[in-house]
Amino acid sequence: FRPVSDDATATPTSHRRRLTKVSVIGAGNVGMAIAQTILTRDLADEIALVDAVPDKLRGEMLDLQHAAAFLPRTRLVSDTDLAVTRGSDLAIVTAGARQIPGETRLNLLQRNVALFRKIVPALAEHSPEALLLVVSNPVDVLTYVAWKLSGFPASRVIGSGTNLDSSRFRFLLAEHLDVNAQDVQAYMVGEHGDSSVAVWSSVSVAGMPVLKSLQASHRCFDEEALEGIRRSVVDSAYEVISLKGYTSWAIGYSVASLAASLLRDQRRIHPVSVLARGFHGIAPENDVFLSLPARLGRGGVLGVAEMELTEEEAKKLRRSAKTLWENCQQLGL
Ligand SMILES: O=C1N[C@](c2ccsc2)(c2cccc(Nc3ccc(F)cc3)n2)CC(O)=C1Sc1ccccc1Cl
């Protein structure tokens with residue numbers, strides 16, 4: 001290509017829009033599924049990958065770079081040193097010790113807290129204006145840990161929380177109703193995983209509360225069938241683990257969906273782990289992170305919905321808040 005004038009290569013600074021940089025900490029199955037989806041959806045101008053294992057890390061970066069002919073141009077960098085994340089707009093933390101079969105969650109938590117003590121202060125130092133998105137498990141406690149260690153305002157520290165639970169819930173409901181999962185509104189809130197709470201009043205199709213639309217449809221569904229769907233959200237997580245040993249695609253797409261809302265300032269509402277003190281009767285001094293429907297934009301959590309919960313649902317939420325707060329206090333952060 002022969003230049004037509006001698007200033008052809010320089011991009012005038014006035015035309016240079018701010019570049020978006022996303023860092024993914026942890027190049028395991030989850031981290032790489034997230035990175036690949038962010039690449040495919042063209043959400044970032046630069047992606048930095050970090051992992052403790054140098055060969056695995058470099059291999060993953062090269063393998064993604066080799067897809068450049070099929071993807072929007074994105075600069076890919078990687079290093080075991082967190083300095084490579086400098087100037088990130090969003091830092092996604094998927095790093096976590098692998099749960100040893102039979103290991104208690106508390107023991108896994110302690111190993112992951114030790115890891116976060118190394119990762120989070122460095123991330124905060126290199127990108128003091130970044131949004132922090134925690135995916136590592138147990139995600140609600142580790143989002144609290146990231147908030148304490150980063151010193152960031154709570155609006156800029158988010159956990160993937162029940163975003164994945166809710167997307168599985170929507171998939172299962174959509175299958176039962178034979179409609180597109182994108183047309184099923186459904187929220188699971190509270191603690192991610194086994195104890196997440198299905199908010200039935202939030203489940204709607206075509207703007208109609210699901211119970212009515214189910215009974216209206218020709219298929220006879222009752223509360224028992226709905227409770228069965230809620231239970232299968234948990235069962236399906238265990239089924240995937242027993243079949244393939246880990247989960248990656250659903251969590252990858254669900255976290256990339258959060259990244260899109262955050263980076264593109266979309267003001268979309270997602271059930272994510274946020275500082276829930278003061279909501280639904282949770283004590284204002286309990287600094288717990290739990291999932292509630294949050295309005296997300298470039299500033300992070302722009303607001304949290306005050307949902308109408310049944311007494312039963314609110315009680316489950318407060319019970320989770322109590323357990324989580326006890327776990328968090330034991331960490332002495
Ligand atoms: O889809 C998953 N897979 C995981 C997984 C991925 C790799 S190894 C295990 C999973 C699956 C099943 C159970 C479980 N339990 C767990 C609890 C606390 C921890 F710190 C770590 C794992 N975790 C991690 C995880 O959180 C999920 S979502 C999930 C889990 C349980 C119930 C409902 C949902 Cl929506």
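Predicted model: local features only at pLDDT ≥ 70, side-chain atom pairs only at ≥ 80, totals over all residues.
Reader: Is D178 buried or exposed?
Author: The relative accessibility of D178 is 66%. The cut-off for exposed is over 50%. D178 therefore counts as exposed.

Reader: What is the phi of D178?
Author: Most residues other than glycine have a negative phi. D178 is not a glycine, yet its phi is positive. The value is about 55°.

Reader: Which loop holds A206, and what is its relative accessible area?
Author: A206 is in the loop between strand 8 and strand 9 (208-209). Its phi is positive, near 55°, and A206 is a residue other than glycine. A206 is exposed, with a relative accessible area of 71%.

Reader: What is the omega of the peptide bond from N137 to P138?
Author: Most peptide bonds are trans. The bond from N137 to P138 is cis. P138 is found in the loop between strand 5 (131-134) and helix 4. Omega of the N137 to P138 bond is near -5°.

Reader: How many aromatic pairs does a search of the whole structure find, and how is the pair of Y144 and W325 classed?
Author: The search finds four aromatic pairs. The ring centres of Y144 and W325 are 6.1 Å apart, and their planes stand at 85°. Planes over 60 degrees apart count as edge-to-face. So the pair of Y144 and W325 is edge-to-face.

Reader: Which parts does the pair of Y144 and W325 tie together?
Author: Y144 lies in helix 4 (residues 139-150). W325 lies in helix 9 (residues 311-330). The pair therefore ties together parts 181 residues apart in sequence, helix 4 and helix 9.

Reader: Are Y144 and W325 buried or exposed?
Author: Y144 has a relative accessible area of 3%. For W325 the value is 15%. Buried means under 20%. Y144 is buried, and W325 is buried.

Reader: Which residues do ring pairs link into a cluster?
Author: Y144 and W325 belong to the cluster. W147 and F289 are linked in as well. The cluster is Y144, W147, F289 and W325.

Reader: How do helix 4 and helix 9 cross, parallel or oblique?
Author: Their axes come within 10 Å and cross at roughly 45°. That makes helix 4 oblique to helix 9. D140, V141 and Y144 in helix 4 meet L324, W325, N327 and C328 in helix 9. The crossing is right-handed, and the orientation is oblique.

Reader: At what angle do the axes of helix 1 and helix 8 cross?
Author: Helix 1 (residues 29-40) passes helix 8 in a right-handed crossing. Residues that meet include V30 and A33 in helix 1, and W249 and I251 in helix 8. The axes come within 8 Å and cross at roughly 50°.

Reader: What is the relative accessibility of S261?
Author: S261 lies in helix 8 (residues 249-263). Beyond neighbours within four places in sequence, its contacts are Q266, R267, R268, H270, L296 and G297. S261 counts as buried, at 0%.

Reader: How far is the C-alpha atom of S202 from that of G87?
Author: S202 is found in strand 8 (residues 197-205). At 15% relative accessibility, S202 counts as buried. S202 and G87 are 115 residues apart along the chain. Their C-alpha atoms are separated by 38 Å.

How values were computed: Residues numbered from 1 in each chain as written. Heavy atoms only, no water. Phe/Tyr/Trp six-rings, centres within 6.5 Å; stacked < 30°, edge-to-face > 60°. Helix = DSSP H or I, 4+ residues; strand = E, 2+ residues; numbered from the N terminus. Buried < 20%, exposed > 50% of the residue type's maximum accessible area, 1.4 Å probe, protein only. Axes fitted to C-alpha atoms, helices over the stretch in contact; angles between N-to-C directions. Parallel < 35°, antiparallel > 145°, perpendicular 65-115°, else oblique. Left-handed = near helix turned anticlockwise from the far one by under 90°. Contact = heavy atoms within 4.5 Å.
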